[in-house]
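Subject: Structure handover

Hello,

Here is the structure for your files. My notes on what was found follow below.

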Amino acid sequence: MKLHTLQPAAGSTKNRKRIGRGTGSGRGGTSTRGHKGAKSRSGYKTKIGFEGGQMPLQRRVPKFGFKSLNRVEFKPVNLDTLQSLAEQFKLDTIDMEAMISHGIASKNDKVKVLGGGELSSKLTVSAHGFSASAVAAIEKAGGSVNKI
């Protein structure tokens with residue numbers, strides 16, 4: 001190793017020009033802030049979305065729709081998921097504890113079973129909700145439904 005071969009580690013240096021380091025640096029004087037006005041002062045802040053007094057975009061765009069405060073969010077689980085769970089872990093009863101322990105739902109989720117996929121196992125399924133097609137498929141396979 002010789003002095004002329006030394007160089008900084010990769011990624012340790014920046015290629016940006018430092019501002020406010022004297023007139024000889026090319027970015028001194030007003031330090032790229034221009035002359036006078038609020039934006040040139042230290043401590044200047046503006047509100048998010050402020051457009052200089054013009055009506056902001058978020059207030060110009062029309063609002064529509066409705067979001068109910070009492071909406072109940074369900075975690076959807078399809079029949080093919082239940083089928084694979086029953087085959088993999090040799091289950092004949094699938095309830096919330098089984099779904100939580102096998103990572104399908106978390107303990108605060110409300111689960112709704114939907115009719116996606118095929119179900120061939122005879123299962124007893126407990127959940128917070130069921131679609132009509134899911135109930136029909138579970139009962140056709142010889143299982144039963146238990147709404148929590």
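What share of the contacts in the chain with a separation of 6 or more comes from residues 24 or more positions apart? The share is 39%, where contact means heavy atoms within 4.5 Å.

Some ground rules. This is a predicted model, in which local features need pLDDT of at least 70 and side-chain atom pairs count only at pLDDT 80 or more, while totals for chains, interfaces and linings use all residues. Residues are numbered from 1 along each chain as its sequence is written, and side-chain values use heavy atoms, with hydrogens and water left out.

Overall layout. The chain has four helices and six strands, in the order α-β-α-β-α-β-β-β-α-β from the N terminus; these are DSSP runs (helices H or I, at least four residues; strands E, at least two). The radius of gyration is 32 Å, well over the 15 Å that the globule rule gives for 148 residues, so the chain is more spread out than a compact globule. That radius is taken over C-alpha atoms, and the rule is 2.2 Å times the number of residues to the power 0.38. Along its principal axes the C-alpha trace spans about 85 × 60 × 25 Å. Of the 148 residues, 21% are buried (under 20% relative accessible area, 1.4 Å probe, protein chains only).

One residue. Ile94 lies in strand S2, residues 93-94, and counts as buried because its relative accessibility is 0%. Its C-alpha atom is 4.9 Å from that of Val125, 31 residues apart along the chain. Leaving aside neighbours within four places in sequence, the contacts of Ile94 include Leu82, Leu85, Met99 and Val125.

Regards

Notes
Buried means under 20% relative accessible area, exposed over 50%, partly exposed in between (1.4 Å probe, protein chains only).
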